[in-house]
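Entries follow in the order I checked them.

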Amino acid sequence: MRQLLPAALVLGFACTAVHAETIGSVDTVFKLIGPDHKIVVEAYDDPRVAGVSCYLSRAKTGGIKGAVGLAEDKSDAAVACRQVGPLQFKGKLPRQEEVFTERASIFFKHVRVVRMVDSKRNALVYLVYSDRLIEGSPKNSVTAVAVPGDQPIPVR
């Protein structure tokens with residue numbers, strides 16, 4: 001039984017992980033050695049709201065450090081979430097929940113997307129920001145997805 005518990009935990013985390021789909025990228029700085037600095041556009045599907053996809057653009061550091069995974073990416077990021085199909089809620093949503101996170105450095109820095117429910121306007125609001133263990137960044141971007149008036153958002 002003790003041997004099955006770690007495997008079950010890993011499987012549970014793997015099932016809830018949200019993976020990005022890279023849509024494309026553009027180079028911003030040429031690097032002679034290693035990959036160029038770039039802006040990457042990735043798509044994430046909201047794991048609890050079928051029919052909503054978020055497009056995240058963010059800076060990726062290249063060069064030798066970027067090639068081996070030691071670079072710290074800039075805190076600049078933007079998010080645009082859209083309804084891409086019929087909206088279906090997978091249970092009741094908390095008023096605020098982190099829905100995506102992506103590592104932005106080898107240690108302690110992440111780009112995070114948080115979903116907030118605006119019940120008054122029947123909308124889902126998505127905020128992207130960067131944090132670090134000691135000091136985060138105030139740079140952020142926000143977007144919203146309007147939910148049809150005849151479809152209330154189920155909130156916890």
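Which side chains meet in a salt bridge at 3.1 Å, N to O? I looked it up in this predicted model. The pair is Asp118 and Arg121.

I checked accessibility for both partners next. Asp118 has 18% relative accessibility. The cut-off for buried is under 20%, so Asp118 counts as buried. Arg121 has a relative accessible area of 56%. Exposed means over 50%, so Arg121 is exposed.

Then I looked for networks. Salt bridges with shared partners join Asp46, Arg48, Glu97 and Arg115 into one network. I noted the total as well: the count comes to 8 salt bridges.

Arg115 forms a salt bridge with Asp46, and their closest N and O atoms are 2.8 Å apart. Where do the two residues sit in the chain? Arg115 is in strand β6, while Asp46 is in the loop between β2 (37-45) and β3. They are 69 residues apart, so I logged the pair as a link between distant parts of the chain.

Next entry: Asp131. This residue forms a salt bridge with Arg112, with 2.7 Å between the closest N and O atoms. Asp131 lies in strand β7 and Arg112 in strand β6. The two are 19 residues apart, and this pair also links distant parts of the chain. Arg112 has 16% relative accessibility and counts as buried.

I moved on to the nonpolar core. The largest one has 23 residues. Which members touch the most other members? I found Val52, Leu56, Leu124, Tyr126 and Ile153. At least two core residues come from each of β3 (49-60), β4 (77-89), β5 (96-103), β6 (109-118) and β7 (123-132). The largest share is from β4, with 5 residues.

What does Ile153 contact, leaving aside its neighbours within four places in sequence? I wrote down Phe89, Leu93, Val117, Asn122, Ala123, Leu124 and Val147. Leu124 is on that list, and Leu124 is also among the core residues that touch the most other members.

β6 holds Arg115 of the pair with Asp46 and Arg112 of the pair with Asp131.

Technical notes
Residues are numbered from 1 along each chain as its sequence is written. This is a predicted model: local features need pLDDT of at least 70, side-chain atom pairs count only at pLDDT 80 or more; totals for chains, interfaces and linings use all residues. Side-chain values use heavy atoms; hydrogens and water are left out. A nonpolar core is a set of buried Ala, Val, Leu, Ile, Met, Phe, Trp, Tyr and Cys residues joined through side-chain atoms within 4.5 Å. Buried means under 20% relative accessible area, exposed over 50%, partly exposed in between (1.4 Å probe, protein chains only). Helices (H or I, at least four residues) and strands (E, at least two) are DSSP runs, numbered from the N terminus. Contact means heavy atoms within 4.5 Å. A salt bridge is a side-chain nitrogen of Lys or Arg within 4 Å of a carboxyl oxygen of Asp or Glu.
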